[in-house]
Amino acid sequence: MSNKLVFPVPDEFRRGAFGGRKLVETGKQILDLVCETAGIESFDGLDILDYGSGYRMAQVLLEFDMEFASYCGIDIDPEMMGWLQDHNPDPRMDFHLVPFQNELYRPEGEQMTGESQLPVGDNTYDVIMMFSVVTHLAPHDTRALFAILRRYLKPDGFLFFSTFVNPIMEDPYSEGDPDKPLWMSIYQEAFLFDLLDETGWVCEHYAEPVGQMIQHQMLCRPTDDPNPPRPACRPGTPAY
Ligand SMILES: C[S@@+](CC[C@H](N)C(=O)[O-])C[C@H]1O[C@@H](n2cnc3c(N)ncnc32)[C@H](O)[C@@H]1O
């Protein structure tokens, strides 16, 4: 297989340890895991919102010619989102910048609140995904974001996200490296469930990290139940 990707993105926008083919290959495994977890064959006919998108899943969808109805990537990185908007590779895709603050990625941004709007008008989505985003969010932002995203989900849709969870730590939240705020945001399990309860989500699937591919994962759906059930954490899927 050639190393040239269908949708190459300049290296200057790379944020993680690796890019290129390795990034899209793990991305494909993640999207397959999402489908398997949600019990769907593919994203065929589905509208996807990728929050804190970076550029990876856009590359993955195109690289592997995956089926989907529409894909909307949203991020706070002005240069990267500007580049993606200028080089949008597919009419089913769009990319939006949000102005929110993040101490690690955009210290000078605006505070996000549960009432903040996303720049997508009245659009709603079947699938909302967030990979390696809650892993870099302070608790007040995670709570706000859960509340925001709830408004943009179709009634039968689901939210899938990855996060660092520590089931036994005493504090509700801790920094993996106190010298690098938000580099590794670790949530106490009960506190993460509290945030979901408070913002109208029920977690249907909760699983351990899978190798180097993904951290703890949760698949959630909207609920009006103020005390929804909390599933036990399953072992990470061995096939991945
Ligand atoms: C580790 S990267 C993950 C990118 C992508 N989801 C992936 O899996 O390749 C985290 C991304 O979250 C974005 N981000 C952080 N805080 C955000 C916020 N409050 N709103 C939107 N995007 C945010 C960053 O700009 C960055 O692109």
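**Cysteines, a helix and the ligand**

Modeller: The sulfur of Cys72 lies 18 Å from the closest cysteine sulfur, that of Cys35, which is too far for a bond. This is a predicted model: local features need pLDDT of at least 70, side-chain atom pairs count only at pLDDT 80 or more, and totals for chains, interfaces and linings use all residues. Residues are numbered from 1 along each chain as its sequence is written, and side-chain values use heavy atoms, leaving out hydrogens and water.

Cys220 has its closest cysteine sulfur in Cys203, 4.5 Å away, and that is also too far for a bond. A disulfide is a pair of cysteine sulfur atoms within 2.5 Å. The search of the whole structure finds 0 disulfides. Cys72 is buried at 1% relative accessible area; Cys220 is buried at 0%. Buried means under 20% (1.4 Å probe, protein chains only).

Next, helix α4. Its 12 residues, 139–150, reach 17 Å from first C-alpha to last, close to the expected 16 Å. That expectation is 1.5 Å times one less than the number of residues. Helices are DSSP runs (H or I, at least four residues), numbered from the N terminus. Buried residues in α4 include Pro139, Ala144, Phe146 and Leu149.

Now the ligand. A ligand nitrogen is 2.7 Å from a side-chain N or O atom of Tyr51. Asn102 places a polar side-chain atom 2.9 Å from a ligand nitrogen. For Phe131, a polar backbone atom is 2.8 Å from a ligand nitrogen. The protein covers 92% of the 600 Å² of accessible area (Shrake-Rupley, 1.4 Å probe) that the ligand has on its own.

Key:
Buried < 20%, exposed > 50% of the residue type's maximum accessible area, 1.4 Å probe, protein only. Helix = DSSP H or I, 4+ residues; strand = E, 2+ residues; numbered from the N terminus. Polar contact = N/O pair within 3.5 Å; in protein donor to acceptor, adjacent residues only side chain to side chain.
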